[in-house]
Amino acid sequence: MLLVEDDALLGDGIRAGLMLAAYAVDWARDGATALRSLLDHDYDACVLDLGLPALDGLSVLREMRRQKRQLPILILTARDTADDKIGGLDGGADDYLTKPFDLGELQARLRALLRRAGGDARPTLSHGGVELDPATKRVTRDREEIALTAREYALLLDLLSHPRHVRTRAQLEESLYAWGEEADSNTVEVYVHHLRKKLGAGFIQTVRGLGYQLLSPD
């Protein structure tokens, strides 16, 4: 996820809250950096402030939509007039939240955006007897609760969010680590191994030369 916020104190708090919700968060502090990052990386969603240095948030939003980039974008701003909200939503934003805000509401709105982007409006993700509730971070297999570490949970969340796709090692690493965080060369393999032990050896398939994919249901 990309967070775009120029206020250092607020941005640090938002990033910490999103990381607690198991998102890998990159943080851009100006609009020009944000636009370059959005065009260069495959993010699942963006939290975008409007009042930014170098390039304002609305310009970032409009350029993304002009280039037909469809990732969910949530505007998070102090601009709270009806005209501001109309302009943001008509400019291509998927949601609009004004400051001050509740972190829990921000997380819930992002979960809703990601569900819709994935084509599944259900509040939980499920596959092959495994169910994950993003709101509570509870994971069950055949209704039995499974304890996962933060990295294991993040990897499972990525795979369940893309159940019909092969996820490359690079894509999975981006779900596990944000800018500046170093990943060991075999990090993904280690966490896939851990998940297989907890969820069943065949739950995650290795697609040779490509990456990993959830086992197709019968």
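Predicted model: local features only at pLDDT ≥ 70, side-chain atom pairs only at ≥ 80, totals over all residues.
Is A54 buried or exposed? Its relative accessibility is 66%, and exposed means over 50%, so A54 counts as exposed.

There's another alanine to look at, A22. Phi of A22 is near 80°, again a positive value in a residue other than glycine. You'll find A22 in the loop between α1 (8-20) and β2 (26-28). Its relative accessibility is 16%, so A22 counts as buried. So we have A22 buried, whereas A54 is exposed.

While we're on backbone details, have a look at K99 and P100. The peptide bond joining them is cis, with omega about -5°. In general, most peptide bonds are trans. P100 belongs to the loop between β5 (95-98) and α5 (103-117).

Okay, zooming out. How many helices and strands does the protein have? Eight helices and 11 strands. The radius of gyration is 18 Å, close to the 17 Å that the globule rule gives for 218 residues, so the protein is as compact as a globular protein of that length. Of the 218 residues, 44% are buried. And if you take contacts between residues at least 6 apart in sequence, 55% of them join residues at least 24 apart.

Now for how some of the helices pack. Start with α1 and α5: their axes come within 11 Å and cross at roughly 55°. The two are therefore oblique to each other, and the crossing is right-handed. On the α1 side the contact is made by I14, G17 and L18, and on the α5 side by L103, L106, Q107 and L110. Sort those by class and you get five nonpolar, two polar and no charged residues.

The other pair I want to show is α6 (residues 150-161) with α7 (residues 169-176). Here the angle is about 130° and the axes are 9 Å apart. That angle makes α6 oblique to α7. The crossing of α6 and α7 is right-handed. Which residues of α6 and α7 make the contact? From α6 it's R151, A154, L155, D158 and L159, and from α7 it's Q171, L172, S175 and L176. By class, the contact of α6 with α7 has five nonpolar, two polar and two charged residues.

Last stop, a glycine. G91 is in the loop between α4 (82-90) and β5. With a relative accessible area of 14%, G91 is buried. What does G91 touch, leaving aside its neighbours within four places in sequence? It is in contact with L61, R62 and R65. And if you look at L58, 33 residues from G91 along the chain, the C-alpha atoms of the two are separated by 7.2 Å.

Note on methods:
Residues numbered from 1 in each chain as written. Heavy atoms only, no water. Axes fitted to C-alpha atoms, helices over the stretch in contact; angles between N-to-C directions. Helix = DSSP H or I, 4+ residues; strand = E, 2+ residues; numbered from the N terminus. Parallel < 35°, antiparallel > 145°, perpendicular 65-115°, else oblique. Left-handed = near helix turned anticlockwise from the far one by under 90°. Contact = heavy atoms within 4.5 Å. Nonpolar A, V, L, I, M, F, W, Y, C, P; charged D, E, K, R; others polar. Rg over C-alpha atoms; globule rule 2.2 N^0.38 Å. Buried < 20%, exposed > 50% of the residue type's maximum accessible area, 1.4 Å probe, protein only.
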